[in-house]
Amino acid sequence: MNLRFLLINPWIYDFAAYNFWARPLGLLKVAEFLSQFNVDLFFIDCCDSFLVKKFSTGKYHAEVVEKPSILKGIKRNYKRYGISETEFIEKLKKIGEIDLILITSIMAYWWPGVKRVVEIVKDLFNNTPIILGGIYASLYKNHAEKIINPDILYSGQLDENFIEKIEKFGFNIKRISFSPKYWWQLGFYNSMLYAPILTSTGCPFRCPYCASSLLYESFNQKKITEVVKEIEELSKIGVEDIAFYDDALLYNAETHIKPILREIIRRKISVRFHTPNGLHVRFIDKELAELLKIAGFKTLRLSLETVDIKRQIETGGKVTNEELERAVYYLKESGFTSREIGVYIMYGLPDQSIDEVRAGVNFLKKLQVRIHLTEFSPIKGTYYWRELVKKGIISEDLDPLLTNNSIFFEIFSIYDKSDIEKLKIDVSRFNLLL
Ligand code: SF4
């Protein structure tokens, strides 16, 4: 009889959340990997409960929950997003006896969702071993060991070591195939309106606020044929929207994204594409802009972060203002509307003045693009984290709950809060009129 493994994506616990094509891709990749062994896989995505809106995005069902004591001072509702606890427990009971539980973790400040899942499964499956992986587990090992206390904390990327670790529980795991199934072939989701896709892992840049290089040692791009096949298969099963999760989708454009898009166009694959992660505008030339348009990209997010030239250089030089202007020009020439082109700029970066943020907003207004003001919050292990610790602004053992970008700024900001509120209102009005 096969072993029975259960994979769980915990709830989001936050002040706000919206489903922009979210699926726990890391956990789903674990499932693909395990599909080559003598195990039966069961899966619960606690976040898979939302009202579908434009382009298959969704408004999560949510329930107000008690705030952890450290967040008591924040005057906003704290919620659990996704299925109800009752529904979760019913799903667990329906699955029945399990040999191993694998739980993922995404944002570090969502750890209460992970904790609650672990409490419930420990209650129901007393001695079943638990493995915790994912971003929070990789970046906040000590915290996760202490607060979640899994049997194994798995950090880093998936390889054969993973099987060795599992075998320590006394399982006899045998490989039965060398061709993993795609995650959507495993019957985990009832609705497959949208899907995420990764054409690469890691990022060749090293921005001081980003954890990409902490999670992936190197930058690797998949073969073009593999990417196109995956996209084509997804379109065949009825997926309407595909979101690229890559950190550097456009890097090596001539040998990666351009041939991928040409092939999608040649095969007449009809899906809408979205890039929720910021794109590197440096690589958008006339041809790439046209390919993006013809292939069916509907949501484009470009990275600027700051308009300040000195800070652009200090933070790794991934973009210049001229490069953004040029990219926006080509995108509009290719038929993208102002509303379809969104640009990220950050506020709250260490030593960043409100005037710098305003200058960024004004620059983007002139370009007539959608402005996405994003709050900076530090990630453990990054250069900016160390700088903030050095300056005494945060402590090395800061509770990840306080790194939630919707409150970090509120607590640690050097700006007058009313200034940033005014700017946010101004940006919303501008975006509405686009
Ligand atoms: S370019 Fe983007 S993904 Fe790459 S290091 Fe910078 S912020 Fe991270």
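**Entry 1: around the ligand**

I began with the shell around the ligand in this predicted model, and I sorted its residues by class: five are nonpolar, one is polar and three are charged. Then I wrote down who they are. Cys 203, Phe 205, Arg 206, Cys 207, Cys 210 and Ser 212 are on the list, along with Asp 247, Ala 248 and Lys 318.

**Entry 2: two domains**

Next I looked up how the chain is divided. The domain assignment gives domain 1 as residues 3-167 and domain 2 as residues 192-433. I found their C-alpha centres 25 Å apart.

I then followed an open sheet of six strands, and its order is 11-14-15-16-17-18, with parallel pairing. Which strands are at the edges? They are strand 11 (194-197) and strand 18 (370-375), each of which pairs on one side only. Direction ignored, neighbouring strands are turned by 20° against each other on average.

Strand 11 runs parallel to strand 14 (residues 241-244), and four bridges join the two. Here I spotted Ala 195 standing opposite Ile 242 of strand 14.

My last stop was helix 13. I saw that this helix lies across strand 16 (297-305), strand 17 (341-347) and strand 18. Against strand 17, helix 13 runs at about 170°.

I noted its helix partner too. Helix 13 (residues 354-367) packs with helix 16 (residues 417-433) at an angle of about 5°, and their axes are 11 Å apart.

I listed the residues that make the contact. From helix 13 they are Ile 354, Val 357, Arg 358, Val 361 and Lys 365. From helix 16 they are Asp 419, Ile 420, Leu 423, Val 427 and Phe 430. Sorted by class, this contact has seven nonpolar residues, no polar ones and three charged ones.

Note on methods. Residues are numbered from 1 along each chain as its sequence is written. This is a predicted model: local features need pLDDT of at least 70, side-chain atom pairs count only at pLDDT 80 or more; totals for chains, interfaces and linings use all residues. Axes are lines fitted to C-alpha atoms, for helices over the stretch in contact, and angles run from 0 to 180 degrees between N-to-C directions. Two residues are in contact if their C-beta atoms, placed from the backbone, lie within 7 Å. Ala, Val, Leu, Ile, Met, Phe, Trp, Tyr, Cys and Pro count as nonpolar, Asp, Glu, Lys and Arg as charged, and the others, Gly among them, as polar. A residue is near a molecule or strand if its C-beta atom, placed from the backbone, lies within 6 Å of it. Domain bounds come from an automatic or database domain assignment. Two strands pair if DSSP finds at least two bridges between them.
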